[in-house]
Amino acid sequence: AIDPALRATRTTCAYCGVGCGVLATPDGNGGAAISGDTEHPANFGRLCSKGSALGETLGLEGRLLHPMIRCSNGVMERVAWTDALDHVAHRFHHIIARDGPGAVAFYLSGQLLTEDYYVANKLMKGFIGSANVDTNSRLCMSSSVAGHKRAFGADTVPGCYEDLDEADLLVLTGSNAAWCHPVLFQRMLVNKQRRGARIVVIDPRRTDTAGDADLFLGLKPGTDTALFSGLLVYLADNGALDRDYIERYTAGFEDAMARARSIAGSTAATALATGLAEKDVAAFFQMFANTPRVVTLYSQGVNQSAQGTDKVNAILNCHLATGRIGKPGASPFSLTGQPNAMGGREVGGLANQLAAHMNFTPPDIDRVRRFWKAPRIATHEGLKAVQMFEAIARGEIKALWVMGTNPAVSLPDADAARAALGKLELFVVSENVRSNDTVNSGVHVLLPAQAWGEKSGTVTNSERRISRQRAFLTPPGETKPDWWIVGEVAKRLGFGAAFNFNSAADVFREHAALSAFENGGSRDFDVGALSSLSDEAFDAMAPVQWPIRAGEAPRPRLFADGRFFSNDHKARFIAPEVPVLRTETTAARPLRLNTGRIRDQWHTMTRTGASPRLGQHLPEPFVEIHPDDALKSGVTDDSFARITTDYGQCILKVVVSERQQRGMLFAPIHWSEETASDARVGALVAPFTDPYSGQPENKATPASIVPY
Ligand code: SF4
C-alpha cells in the first residue's frame with residue numbers, strides 16, 4: 001500500500017504572480033519531488049527554473065523553529081508560545097493605550113496567504129483602529145492598483161491568460177517576462193510560433209525578453225507616458241479610435257487627448273521625447289493601430305516610478321480609446337510580481353484600502369464595521385510603506401510587526417529603513433528564518449511561521465485566479481500559520497469573539513462572505529459563492545477566477561459588457577502629467593541606476609539561495625554598464641567597482657554589456673548583508689514615491705561608478 005503521506009499534493013508555486021500549479025510528492029524525509037501540475041490552467045504542467053527547484057529549498061537549515069524574545073541582557077532566548085504571545089499583546093496594548101492606535105503598524109508581504117492577510121488586516125483596521133497596515137506589494141504593483149482604480153473604478157485586472165494565446169500583438173512594457181514571469185512568456189512564444197503573434201518589447205534595457213521581440217524599443221527611462229501619449233495621438237489622427245466605444249462606455253476622452261497632444265503631438269515628437277528612432281516609433285504605432293487583438297503587459301518597469309500611476313493610465317487610455325478591453329486577445333494586463341500580491345490587495349493589505357476592495361468612504365467603512373462588529377474601525381487611510389518607515393524614523397510609530405518580508409534589504413534608502421527599525425520600542429518579526437537583515441536590525445520578538453509546503457490557504461494570481469496552497473510537509477518545530485499567530489494576539493488584546501478561527505477554511509469563508517456583504521453584485525471583487533464551502537470542499541477547491549457569484553457563470557474577462565465599476569459605470573480616461581523624472585543627473589552622479597530581478601533568484605534569496613542549481617545562473621552580485629560608460633568611468637569587465645548614490649554605496653562586479661543603454665546602470669536586488677555584505681542595492685535607491693500609489697522610483701536613481 002502507498003503511504004498516504006507520500007502521495008502527490010496539488011499546490012501552487014511559492015514565487016511569482018503567474019501562480020503555477022505544482023505537484024509535490026513528499027519523500028518521507030522532509031523533502032519532496034516537484035513537478036508541474038498539468039491540470040492547472042496557469043501553467044498546464046510547465047514550471048520555470050525557480051519552480052522546478054522548489055524541492056531543493058525545503059531543508060531546515062537556518063529555519064526559525066521556536067519563539068524567541070530579546071532578554072534584558074540583549075540576548076535572544078527561546079520562550080514558550082504563550083509567553084511570546086502574551087508579551088506581544090501586552091506591549092502592543094501598552095503602546096496603543098499610551099500613544100493611540102496610530103503609533104503601531106504592521107508591514108506584510110505578498111508571500112503571505114490570503115487568510116494571513118485577512119486576519120492581520122482585520123485586527124489592525126477593525127479592532128486596533130489604525131490603517132497602518134501596508135505590504136511589500138506597495139513596492140511591486142501599487143501603481144497598477146491606483147491606475148486601475150482611476151480608470152475602471154476598482155482595482156481590477158480585466159483580462160485572462162487565454163488572451164496571451166489569442167492576441168496577434170503582445171506589447172511588453174517595463175517587463176522582463178522571460179526572467180520574471182517565465183511560464184507566461186513561454187506561453188506568448190508558443191503563440192508567436194503557432195499563430196504568428198508579434199511581440200514588441202519596450203524597455204531601457206535589451207533584456208532576454210527583448211531577444212525574442214519583433215520590435216525592441218529601448219526608450220529613455222521615465223518616458224513611457226510620452227510613448228503611449230504619442231500612440232493615442234497617432235490612433236486619433238489615423239482613424240483608429242473606436243468612437244462608438246468611447247461615446248458609450250467612457251468619460252474624459254477630450255481632456256486626455258488634449259494632454260496627449262501636449263506631451264507627444266506627433267510621431268516625431270514622440271521619438272524626440274523617448275529617445276527612439278522615429279521609424280521604430282512609427283512601426284510600433286502602425287502595429288498597434290492595425291491589430292485589433294492586442295494585449296499590453298506591464299510590470300515593475302512601469303510601476304516602480306514616481307509617475308507610475310500616470311504611466312499605467314497612459315497605457316489604459318490607448319486600450320479604452322480602441323475598445324480593446326474585455327475581448328478575447330485584447331486587454332491591458334498588469335503582471336503582478338509576487339505569488340499573492342493580488343490576494344493581499346483583495347482583503348485590504350494596502351493601507352489605502354479597507355477590505356474586500358472597499359475604500360475609506362463612509363458607506364464602505366460602515367459596511368465593514370457592521371460585518372466585523374468592529375466599534376473601533378479605522379476611518380481614514382494609513383501610512384504607505386515608505387511613509388510608514390519615515391514615521392518610524394521620526395519616532396511616531398513605536399511598534400512594528402513585520403510578517404514574511406525583509407524591508408532592511410528591499411525598501412528604497414534601505415540604510416535609513418534599517419536605522420529606523422533600531423528606534424522601535426517594540427519590533428516583532430514573524431519569519432521562517434532565524435537570521436536575515438531585518439531580523440538582525442534589532443528585533444525584540446521572533447515568531448516562527450510555517451513556510452511553503454507546511455502552510456495551507458489560498459493565493460490569487462495575475463489573472464484573478466484563486467488557487468490553493470496546500471501543506472504536504474509536517475510543520476517543523478513549533479512553527480504556526482501566520483493567521484493563527486495574529487489571531488492569538490488579537491484574543492489577548494480582548495478581541496477574541498471576532499478571531500475565533502480554527503482553520504484557514506474558517507478565515508476564507510469569512511473573507512468570502514465579506515466580499516459579498518450588501519454589495520448587491522455591483523462590486524468588482526466578489527467570491528461570495530464560496531462563503532459556505534465545507535472544510536472538505538475548501539480542501540478540494542480547484543483554481544477559480546473571481547468574481548464568483550451564486551448563480552452566475554464564471555467570467556474570465558471583465559468589462560465585456562462595457563460596464564465598469566464607477567458610479568456611472570463608465571471607464572475614465574486620465575490626462576497624465578508631463579513625464580519627468582524626480583531627479584537630475586549631475587557631474588557627480590552622471591548615470592542612472594536601474595534595479596531589478598535576475599532569472600533564478602527571488603527577493604532576498606532566503607529560499608532560492610538554498611538551491612545550488614539556482615545559484616549557478618548568475619552567482620554573484622553585479623552591475624551592468626554600457627561599454628562607452630565603462631570606458632569613461634575607467635571600469636573594466638569582470639573587475640570590481642564602487643557605485644555611489646546620495647543614499648549609499650555598493651561594491652559590485654562589473655559586467656560591460658551593450659544590453660545596457662548609455663547613461664544607465666543595472667544592478668539586481670537580491671543580495672543582502674547576509675549574503676554579500678557590500679551588495680545591498682536597496683541602500684542605493686532614492687525613496688521618491690508616486691503621489692497616487694506611494695510606489696517608489698526604483699529605476700532611475702542618479703549614481704556614479706568608479707573602479708574599486
Ligand atoms: Fe513559479 Fe512563477 Fe516560475 Fe511559475 S513562472 S514556476 S509561478 S516562479
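This is a predicted model: local features need pLDDT of at least 70, side-chain atom pairs count only at pLDDT 80 or more; totals for chains, interfaces and linings use all residues.

User: Which residue is the bridge partner of V200 in β10?

Analyst: In β10, V200 is partnered by L215. Strands here are DSSP runs of E with at least two residues, helices are runs of H or I with at least four residues, and both are numbered from the N terminus. Residues are numbered from 1 along each chain as its sequence is written.

User: How many bridges are there between β9 and β10, and in which sense do they pair?

Analyst: β9 and β10 have three bridges and pair in the parallel sense. Two strands count as paired if DSSP finds at least two bridges between them.

User: And which strand does β8 pair with?

Analyst: Strand β8 (residues 169-173) is joined to strand β9 (residues 198-202) by five bridges, and the two run parallel. L170 has I199 as its bridge partner in β9, and V171 has V200.

User: Is β9 mostly covered or mostly open?

Analyst: Mostly covered: four of the five residues in β9 are buried. Buried is a count of C-beta atoms, placed from the backbone: a residue is buried if 20 or more others lie within 10 Å of its own, exposed if 12 or fewer do, and partly exposed in between.

User: What's the strand order in that sheet?

Analyst: The order is β10-β9-β8-β12-β13, an open sheet of five strands with parallel pairing. β10 (215-217) and β13 (331-334) are the edge strands; each has a single partner strand, so one side of each has no neighbour in the sheet. Neighbouring strands are turned by 15° against each other on average, direction ignored. For that angle, axes are lines fitted to C-alpha atoms (for helices, over the stretch in contact), and angles run from 0 to 180 degrees between N-to-C directions.

User: Which strands form the antiparallel open sheet of three?

Analyst: That one has the order β1-β2-β3. β1 (9-12) and β3 (32-36) sit at its edges with a single partner strand each, so one side of each is left without a neighbour in the sheet. The twist averages 35° from one strand to the next. Strand β2 (residues 21-26) is linked to β3 by five bridges, running antiparallel, and A24 stands opposite I34 in β3.

User: Let's jump further along. What does β24 pair with?

Analyst: Strand β22 (residues 622-625) pairs with strand β24 (residues 649-656) in the parallel sense over four bridges, with E624 partnered by V655. Strand β23 (residues 640-644) is joined to β24 by five bridges, and these two run antiparallel. F640 has K653 as its bridge partner in β24. Between β23 and β24 there's a hairpin of four residues.

User: Zooming out now. How many helices and strands does the chain have?

Analyst: 25 helices and 26 strands. The C-alpha trace spans about 70 × 65 × 60 Å along its principal axes.

User: Why does the chain's radius of gyration agree with a compact globule?

Analyst: Because a compact globule of 708 residues would be near 27 Å, and the chain has 24 Å. The radius is taken over C-alpha atoms, and the globule rule is 2.2 Å times the number of residues to the power 0.38. Buried residues make up 60% of the 708.

User: Which domains are assigned?

Analyst: Domain 1 (4-57), domain 2 (68-140 + 340-545), domain 3 (142-335) and domain 4 (591-707). The bounds come from an automatic or database domain assignment.

User: How many residues of domain 1 are in contact with domain 3?

Analyst: Nine residues of domain 1 are in contact with eight of domain 3. Contact means the C-beta atoms, placed from the backbone, lie within 7 Å. The centres of domain 1 and domain 3, taken over C-alpha atoms, are 33 Å apart.

User: Last one: where is A378, and is A378 buried or exposed?

Analyst: A378 is in the loop between α17 (362-372) and α18 (385-393). A378 counts as buried, because 25 C-beta neighbours lie inside 10 Å. Leaving out residues up to four places away in sequence, A378 touches K125, G129, S130 and A131. A378 and G129 are 249 residues apart along the chain, with their C-alpha atoms separated by 4.4 Å.

Notes. Two residues are in contact if their C-beta atoms, placed from the backbone, lie within 7 Å.
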